Amino acid sequence: MVGTAHPDSGVEGADGADGVDGGVGVTALLVAAARAIETHRHDSLAQDRYAEHFVLAAPASAGWPVRPQQVVGGDANPLWGRFARYFGLRTRVLDDYLLRSAGTGAHQVVLLGAGLDTRAFRLGWPDGCVVFEVDRAGVLAFKHEVLGALSAVPKAARVPVPVDLRADWVTALTGAGFDPSAPSVWLAEGLLFYLPHAAETQLVDRVDRLSAGGSALAYEVKLERDLLAYRDSPTYTATKEQIGIDLLDLFALEQRPDSSGDLTDKGWSTSVHTPFEFTDRHGRGPRPEPNDALEGNRWVFADKPRR
């Protein structure tokens with residue numbers, strides 16, 4: 001079993017779907033707030049008109065900015081400026097990858113630890129696509145409540161799969177209609193940072209076993225050997241001071257496995273990129289800076305050849 005919950009997704013807490021599970025749950029709202037701010041930028045890379053509604057609906061994020069003009073200090077703010085732009089860029093790059101993969105025939109889209117992801121509602125999916133959202137029941141209930149109040153309509157068949165990633169999510173996914181014999185595209189966005197070494201290895205192995213030829217996978221990892229060396233970085237310091245989240249207390253600090261190498265050994269074609277490469281490609285986004293908490297972030301894209 002995967003050894004931890006998904007910190008980007010946890011909106012379920014002691015108070016039910018409206019509660020937030022401490023710092024673990026608030027990270028989902030952090031990403032939603034960043035996407036909301038990105039949506040309202042004049043040079044936006046990604047549009048998510050639903051994101052601000054999650055932030056406004058949760059007591060834990062009361063008073064957070066959802067528009068650029070609400071950010072104290074503007075883009076100089078390490079959290080709601082630079083870090084938020086990172087999430088905006090990440091959203092755009094992964095949007096493009098999912099749509100490109102779906103366009104080549106991977107019509108099963110699996111969002112692992114889906115959290116407050118609204119891609120089923122906001123992207124223009126090809127006909128026949130099915131989006132499986134795998135996450136805890138309380139998370140999906142919170143999302144259902146907020147989107148239901150907005151009368152949001154998905155642009156592809158949407159299948160919520162209420163299961164904790166620590167449980168048997170493979171059986172839950174196949175029981176919800178996922179077909180391992182058909183091509184699929186998988187996304188683990190903001191997930192693997194938090195998993196122990198063995199749990200990441202197990203998750204990637206399960207994705208490989210469930211993926212037919214023509215499938216694709218995108219995920220994000222950190223390569224630093226010593227994350228604690230960045231404890232006083234502006235990104236981590238601002239996140240802790242402004243919204244009370246110490247990300248380093250949530251990350252798995254042990255050395256990471258070489259998941260991209262493992263996938264290559266299994267026959268996948270993989271590529272590993274820094275976020276800064278996409279900043280250059282799109283003309284905006286974070287650029288390297290001293291004591292940079294984003295320095296070790298990598299975005300991995302893997303494609304499984306057809307047999």
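**View 1. Aromatic cluster of F83, Y86, F87, Y97, F278, W299 and F301.** These residues form one aromatic cluster in a predicted model, in which local features need pLDDT of at least 70, side-chain atom pairs count only at pLDDT 80 or more, and totals for chains, interfaces and linings use all residues. Residues are numbered from 1 along each chain as its sequence is written, and side-chain values use heavy atoms, with hydrogens and water left out. The structure holds 17 aromatic pairs; rings of Phe, Tyr and Trp (its six-membered ring) pair if their centres lie within 6.5 Å, and planes under 30 degrees apart count as stacked, over 60 as edge-to-face and the rest as tilted.

**View 2. The pair Y86 and W299.** The ring centres of Y86 and W299 are 5.7 Å apart and the planes stand at 45 degrees, so the pair is tilted. Y86 belongs to helix α3 (residues 78-103) and W299 to strand β7 (residues 297-303), so the pair ties together parts 213 residues apart in sequence. Helices (H or I, at least four residues) and strands (E, at least two) are DSSP runs, numbered from the N terminus. Y86 is buried at 1% relative accessibility, and W299 is buried with a relative accessible area of 1%. Buried means under 20% relative accessible area, exposed over 50%, and partly exposed in between (1.4 Å probe, protein chains only).

**View 3. The pair F278 and F301.** With ring centres 6.2 Å apart and planes at 65 degrees, F278 and F301 make an edge-to-face pair. F278 lies in helix α11 (residues 275-282) and F301 in strand β7, so the pair ties together parts that are 23 residues apart in sequence. Both F278 and F301 are buried.

**View 4. Contact of helices α3 and α11.** The axes of α3 and α11 come within 10 Å and cross at roughly 80 degrees. Axes are lines fitted to C-alpha atoms, for helices over the stretch in contact, with angles running from 0 to 180 degrees between N-to-C directions. The two helices, α3 and α11, are therefore roughly perpendicular to each other (under 35 degrees counts as roughly parallel, over 145 as roughly antiparallel, 65 to 115 as roughly perpendicular and the rest as oblique). From α3, the contact uses R82, Y86, L89, R92, V93 and D96; from α11, P275, F276, F278, T279 and H282. Contact means heavy atoms within 4.5 Å. The residues of this contact divide into six nonpolar, two polar and three charged; Ala, Val, Leu, Ile, Met, Phe, Trp, Tyr, Cys and Pro count as nonpolar, Asp, Glu, Lys and Arg as charged, and the others, Gly among them, as polar.

**View 5. Surroundings of W80.** W80 is found in helix α3 and counts as buried at 5% relative accessibility. Leaving aside neighbours within four places in sequence, W80 is in contact with L30, A33, A34, I37, R41, W64, P65, V71, Q242 and I243. Q70 and W80 are 10 residues apart in sequence and 9.5 Å apart in space, C-alpha to C-alpha.

View 6. Most residues other than glycine have a negative phi. S151 has a positive phi near 55 degrees; S151 is found in the loop between α5 (137-149) and β3 (157-162) and is exposed, with a relative accessible area of 60%. N291, which is not a glycine, has a positive phi of about 50 degrees. N291 is found in the loop between α11 and β7 and counts as partly exposed at 31% relative accessibility.
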